[in-house]
Each structure stands twice: as structure tokens, then as C-alpha cells.
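Take a look at the sequence and the model below. What can be said about how the chains are built and how they meet?

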Amino acid sequence: MSTVEPTGDFELARAPGQAPAGLGLASALHAWTTTVDHKKLGIMYVLMSLVFLVVGGCEALLMRWQLFYPRNEVLSPDVFNQLFTMHGTTMVFFVGMPILIGMGNYLVPLMIGARDMAFPRLNAFGFWITLLGGLLVYFSFATGGAPALGWFAYAPLTETTFARSPATDFWALGLLIAGVGTIGAAVNFIATTLGMRAPGMTMRKLPFFVWTMLWTSMQMLLAIPPLTAALVMVLFDRQLGANFFDVQNGGSAYLWQHLFWFFGHPEVYILILPVFGFVSEVIPVFSRKVLFGYEFMAAATMAIAFIAMGVWAHHMFCVGMSKTLDLYFALATFLVSIPTGIKFFNWLATMYGGRINFASPMLFSFGFLSLFLIGGLTGIMLGAAPLDFQLSDSYFVVGHFHWVLIGGTLFGTFAGIYYWYPKVTGRMMSERLAKWHFWLLYIGFIVTFGPMHISGMLGMPRRIYTYDAGYGWEIWNQAATIGALIQTPSYAIFVYNLVGSLWKGKPAGDDPWDAWTLEWTTTSPPPPYNFEEIPTVHSRRPLWDLKHPEDPDWQYE
Amino acid sequence: MRTVERPGRIIGFAEFAVRGGEKVTALAGGRLACSRYTSGQSFRRPTRKLENVEVDAMCPWSQLATSFAVSENLSIFNPASPSAQSIVDLALLTFAISALIFVVVEGVLIYCAMRFRKQPDEPAGEPPQVYGSLPIEVAWTVAPALIVFFLVLVVSRTLWKVKPVVPEPHAGDHALFVTVIGRQWWFEYVYENYDGQRLDFITANELHFPVSDDGTPRRVYLTLHSADVCHSFWVPRLAGKTDLIPGRTNTMVLESHELGQFHGQCAEYCGEQHANMLIRVVVDSPTEFKAWLANQAQPAVENATVRAGKEAFLAETCVNCHRVRGTPAAGDYAPDLTHLMSRETLASGMIENTPENLAAWIRDPQAIKHGALMPAFKLSDEQQELIVRYLSTLK
């Protein structure tokens, strides 16, 4: 095992969150703001993401209100355009990525039997700069209004000619520095996974979630720098009079699209690979079976990470590429479905013949499986280039990616939160509230995003602040708004459950789910140093080996 | 309360519900107009071709009810051109394959969830552990791979169908060549060539072309440019969309086997009024189209009765941006007004082209289409009336 960086004597000296007598809140605040402990940073990442999730959700509700009637006038066009820009930016950069990085932060060292991440200070830096990035992006409201660009901010809308207020500068700067934090996190995950595994844990014995985090980090390392470069170019154009994207002066609007989507498509997989990891941990434990076909699952994860780097221009089928390029990007897009299919079938095979307990983590994993499949299939439709000429930039696309990002990422993330919450807090969450949360979200989600596929096929483009009556779009927009209202209380229930269970939850014990990975060997919550003694590992399920000494896993691996 | 006439397109329950009353006044429709247009005149929104039914919505709920009636179907499954049709064929095939996968996989999932659910009376202990199986893994790798192979074949077939090579214009080709320039937030059409004849006029927002017969295809080749930001040309019933990107030249082809109007709109977010960058395509019979071409090719009509109006128009800043061929007005920044009255709508399809709407637009474009690049010029009532009267003669 490699050396572990000290996380600060001051913290090691006492239990987490516990302040020295007489100092109270100030000292707790000091402890949390100066911490380099991966667990506290992980919790802060997740809490930050949940706050942004609520903000982004409110933005979505306002938009749904505006679209409830044709020619509705609740919001002015400019405000509506700002809202969808901020909604997309928030959800991708300040909810999706940080919540996954946060959970990875908390779990990766625990799952590989390490005492912290490889670079704890870089880790803290990453969190604070991501938060600062988010605040900077929101600070743009103080300039008189957020940017109205769309989250992919197609040039030359970002040029000063079209976006005069400094809002766009704050937006670009915020994303740029949040990206630096993400790159730091990626480096940290890779170094931790490669260098700090418990004795006996070879790369072939990694817990599956850690494997997916590793490949997510590789993708972040490859995908974020092009975005950073592109954002620097935008800032140069705006602040220093460069002309990268200023067409009148010889710049290229088309260049931005390539740079952005070279980041943007791997980003989608960054948002889903760790979730594949969550459900790959949850499904075996709640089906009481080992993950079926680990090697194929691992290879499929790698294949997705590689193929995902070469499909970006399927977001650009309508820009007038050559037929050859269209065909290549359609083919590459279809290829992703093969490893994704492998994963899906292996999850089903894991459930098959099991003894499935539909506790909250498994319930949300079931939600993930049943919904993500549909998102994958609509993805195939969009990958068929000529069909995309019709569907691209329509509400069908909005339906598709929400299906993947909510039905996939969010449901899977909730599965993970319900699964590991007892480890993090030492308390169980309420199963009754979790069921309410699940069913309201499940139904509300389908009612919101299902109709969007239909309005898209009826010719409704995305990002329009209003529409005329008479095209048959009204009913589908009204359904979507009603669905959003059904979803809303589910989030409130979740937050209530999350906070209330801190006090009211049943004590969890070390291993409430009878699980198999290393994090369940230590106390709940784990001590700052994670493990009193670094465990030695012989198989992918070290706790199975302990619980079944007569039939250990390493015999079969 | 002033009455706002709002020609509706909606029939069915809402009409039934509302028609019970004697007088049809638009409250909800009027609410829209009231808040949008504050200056107290009445407005007509553009009428869709298919119906012209007075409609009203007394309360939000009747507005909700109107949703059940579709007066115009822009569905991508309602194609009027061979290229849109071949996309429908591809779509149906893709949907069928997806539906099959959906039923099988979701079926297995639900079966597993029901069949292998933990039973309360089950004995303690773990079920048999199965670590994997090479033949099974190979099988479910190869099966999707075959589907992918098949999909690539059908995609390439459709791709080569819907993206034809643009030919050179020559006499007798029945082909129309138009350059489309996307601008915030309207489309400019430069008519270049028809049937080998050079054309040279510019119009805006309403694209006319002739219908194709079974024997004679009359294709329209569009060259797409943008003058400012990225836009996208999308008329779902006629073709998939193609982007208009500044600094890049794209092409697309349109064709219609149906007469009539086809609606669409910009499909790439392009700024504040992206939602109101509407497209109308008018497919004429060949003779109608010829007549339309002949009229558009003429310079603006001279009409002695509106001489004062013309002078007022030429004396104002209008001419910096707008063009009226045959007069000194030669601006090339805003829609060409030479045959303004041959268009059905104003403000790129937002409002119907009536003298009242035109007057309101000139008085304050920002009240109708906030963010539009035309400011309110604070003309006197007299100037404005003269200019509207002049513009109304530009047939």
C-alpha cells in the first residue's frame, strides 16, 4: 500500500463533525471549510449538487408554466431564454458532475481500502473551485440578467456583438474554473485507484463502481480540456479582441460546435458511467447474487469510454457534413449500443435466479433499468442520421436526453444515495417515504417527458419561449407541465427524508444491507481514518469471503 | 373592454362550448393581444389556411380544451415530399426495431422482478451464485452487432436519397434555385434561377415554389447562408432540417407533391425571438407560380395617389434598411418591401398582413416582437398613415 497523506492532526484527533467543547458552530464551520477529508468533501459535493438541483428544478418549473398555454405571457422571451440556459448549465455542470464526483469521492477510498484520496488538498481545491464556478455563473444575474445562449452556447451568439452584457463572461469564467476542479478530481481518482488499493486488490478485483469511476475520470481528463480551451477562446474574443468565433473577421462558428461537442458527448457518458457503477453495486446485493459477467461488464465500460470519444458530431448532423461523415458518426453512435446492451443484459442476468429485495436502492435501480432502456432506444433513433434531420433540435431530443439524464443518471444516483446513506450517517432512511418519492417521481417523470417526444415529432422545435395554437402541441405541453407538478413533491419528500432521517432514522449498524464490498466493514459513519486496520483482499467480494468461508469467491475468479 | 378579433384555427369542443354565446369575444386570446399590444388597436393574427373559425377561450380551461383539436398537422409522419417520405420509412423501421427490443428487454426485466422477488417464506441462505458464461456473453454481443449492421445499411440508403447532389441550372430542368439567408429573426430568399432562366429578386419569409407532378419533378435547391448567428431551416412536412451557419454554405433540396401552405420555423436557437422566426412555404401550381414570378420580378408599382406617402417613406430612415426596387430605397439589411402586399404575414409570420397590423408594427415593432432589430421611430400619426397607405399599394 502506498503512503497516506495525513489529513491534518486536528481532524484525526476527534470524531467527524464533533467540535471541541465551547466553540460550537464556528468551530464546526471551520472544520468543514478547512477539511481535506474525502468523506466531508464528498458530502459537501453532494449537498452543493442538491442545492443546485433545486435551483435548476425551479427554473424548469417556470419554463413549464410559460409553455402551459400557447402564446402565454408569464415570462418575457429574454427571461425564458436565460432560464433554459441556466437550467442546462446548472444541471450538467453543477448537479450531474459534482454529485457523481462527490459520491466517488466518498466511496472510492472506502471501497478500495484506502485512508483518503491520493491528493487530499487537490481534492479540497477541486470542491471549492467547483462551488466558486457555480456561484460565478449565477453571479451573472447580477449583471442584469443571465446569459441567453443555451447551454451549448453556439458561436457567434457568445460574441460581444450578440451578447453585450458581461453575463456571458461570468458564464464562461464559471465553467472554465469549475472545469479545472473537475480535471483535478479526475487526476485524483486515477491516482487513487492506481496507487492506493488495499493489499491483494488487483485491478481485476476492483469493486465495479471504482472501475466505472476510473474510466469516467479518463474521459473527464480527455474531454474537459477541449472545453476549457474553447472557453478561453470565447473569453479572448470578448475581452482581448481575438476573433476565434467572429465570422466577420475570419473566425469560425463551426469550430465552436466541434470543440464543444468533443467535450459535450463524452460528458454524457461522464454523467452515466458512474451510475452504471451504482446499479452494478446495488443490483447484486439486493438480488443476493454476484454480478454476472464481471469481465464483460468491465470491458463494456472501457469500450463505452473509448467509443464515446468518437461520436461527438452526431450532435451536428444538421450542419451539412458530407454523407461519409454522417454515416461514420451514425455507425459510431450505433456501436455504443453494443457495450451498453451487454451491460443491460448482464444486469438482467444478475437479477435472474436471485432473491430480489425491493428496498429503496433496488426500487430506484429498477426505475433506472426500466427507463434507461427507453432513453437508449430513442438514442438509436436519433443516431440514424436522416431521421435526426427531422428530430434534431426538436422536443424529441429534449425528451430523449431528459430520459437518459433523469431516468438514467438521476434514478441511478438516488439508488446510490439510498444505498450508501446508512454508511454516511449511521441511520436508515424511511422506506415508506422512499416509496412515495419513487412512485411520484416515476409517474411524474413519464408524464413530463413522454409527451415531449410526441410534440417533437409534431414539429415543435426546442428552446422556443412560446408557440402558436393549432399544431396539436398544446395538449402535450400541458401534460408535460402537469407531470412536472407531479414530480415536484417527490423532491420535497426526498429532502425531508434525507434531513429527517438524520434524527429519526433507525440506527444502521456497519452493514445494514448484508453487502460485500469493503466500505461495509468499517463503522457507520466511518472514522476519519476509514479503517483501523487496512484489510487484505482476496476477491471482488471480500465480505462474501468473510461471511462464507466455506465457499469463498476467490475460488471462482 | 375593447374587442379583439382573433381568427382561430380551432374547432371541436372549444368551439362548441363557446359558440353557445351570441357574440364571440376573445378574452384569453384578447389577453394575449391586450398585453402584447398596448396601444388600443385591434389585431389579427395570421390565419392558417385550413380553417377560419372564430374561437374564443373564456377561461384557462376552455383554452385547455382547445388543445384537443388539431387544425394543422406538421407531423414528420405527414410527409408531402419524397425526401420526407423516405425519412418516414426509415423512422418506421427504426421504431419497429426499437419496439421489438423494448418489448423483449422490458418483458424480461418485469419477469425477473416478479418471478425472483424475495418470498417471505423462503429458507435462509443465498441463492446459487453464477459468475458468468462466455457463450451467453458472446451471444448477446453478436445479436446487437447484427442489428447495428442492418441499421447502418438502411441509414446509408436513406442518407443517399435525402442528400442529393445539387446540379447546375440548365434550361428545361424545372428546377428552382434560391439562396436563403438567415437573419435575426427572419428568412431572406434570393431567387436565382428557374427552369434555366436567371431571376433576380429578393423576398422574405414566404417561400413560393411550384408543385411537382408525377412526371415532372420541380425541385427547389436551397443554398443556405447566415448573416449573423446560426439558424436552421425546418419545414417538417417537406424535409429534414439543415443549419444556416455564418461562414459556411449549406445546401438542401425541397419538393412537394401537394399544393398549399407548409409551415415550419427556425430550429436552432438564435437569440431572443428564435420562437418567432417562422417559415411559410407556399406551393403553387406551375401557372400560378409563373404569374407570381412575373409579378415579383417587376419593380414596385408607381401609384400617383400615394405620392405623398412615397415621399414620406423615402424621407425617413426606412430606406437605410429596406429596399423598394424602382425607388431610391436600397437598404439591404431588412426585408425587401418591393412586393410587401403579396405576402400574407408580417414580422416573419407572427401577424397577418393587414393595414392595421402594418400601422401597429410601424408604430412600435418592439411591442409586437420584442428584440426585433427595427426600433419604434416615433413617427407622427400623419407620417405613419401616409407610409402605411404607400406600403399598402406595393402589391
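The paragraphs below start with confidence, then turn to the contact between the chains, the helices and a sheet.

This is a predicted model. The predictor assigns the complex an ipTM of 0.90 and a pTM of 0.89. Chain A has a mean pLDDT of 93, with 96% of its residues at 70 or more. For chain B the mean pLDDT is 83, and 82% of its residues reach 70 or more.

Where is confidence in chain A lowest, and where is it highest? Helix H1 of chain A, residues 9–12, has the lowest mean, 44. Helix H9 of chain A, residues 273–287, has the highest, 97. Residues 1–14 of chain A stay under 50 in pLDDT. The model has 23 contacts beyond four places in sequence for that stretch.

Chain B has stretches of this kind too. Over residues 1–44 of chain B, pLDDT stays under 50, and the model has 98 contacts beyond four places in sequence for them. Residues 47–70 of chain B also stay under 50. For these residues the model has 69 such contacts, again beyond four places in sequence.

Now turn to the contact between the chains. Chain A brings 84 residues to it, and chain B brings 82 residues. Several helices of chain A each supply at least two residues to the side that touches chain B, among them H4 (77–112), H8 (253–270), H12 (360–383) and H16 (474–504). Which helix gives the largest share of that side? H11(A) does, with 15 residues. By type, the side of chain A that touches chain B divides into 52 nonpolar, 20 polar and twelve charged residues.

Next come the helices packed inside chain A. Two packed helices are described by the angle between their axes and the distance between the axes. Start with helix H3 of chain A, residues 38–66, and H4(A). Their axes come within 7 Å and cross at roughly 155 degrees. H3(A) is therefore roughly antiparallel to H4(A). The crossing of H3(A) past H4(A) is left-handed. In the contact of H3(A) with H4(A), 24 residues are nonpolar, nine are polar and two are charged.

H4(A) also meets helix H7 of chain A, residues 208–240. Here the axes come within 9 Å and cross at roughly 125 degrees. That angle makes H4(A) oblique to H7(A). H4(A) passes H7(A) in a left-handed crossing. Which residues meet? From H4(A) come A:Gly104, A:Leu107, A:Val108, A:Met111 and A:Ile112. They meet A:Phe209, A:Val210 and A:Met213 in H7(A). The contact of H4(A) with H7(A) has seven nonpolar residues, one polar and no charged.

Look at E11(B) and strand E12 of chain B, residues 278–284. These two run antiparallel and are joined by six bridges. B:His263 has B:Arg280 in E12(B) as its bridge partner.

Conventions: Residues numbered from 1 in each chain as written. Chains lettered and ligands numbered in written order. Predicted model: local features only at pLDDT ≥ 70, side-chain atom pairs only at ≥ 80, totals over all residues. pLDDT = per-residue confidence, 0-100. Helix = DSSP H or I, 4+ residues; strand = E, 2+ residues; numbered from the N terminus. Contact = placed C-beta atoms within 7 Å. Nonpolar A, V, L, I, M, F, W, Y, C, P; charged D, E, K, R; others polar. Axes fitted to C-alpha atoms, helices over the stretch in contact; angles between N-to-C directions. Parallel < 35°, antiparallel > 145°, perpendicular 65-115°, else oblique. Left-handed = near helix turned anticlockwise from the far one by under 90°. Pairing = 2+ DSSP bridges.
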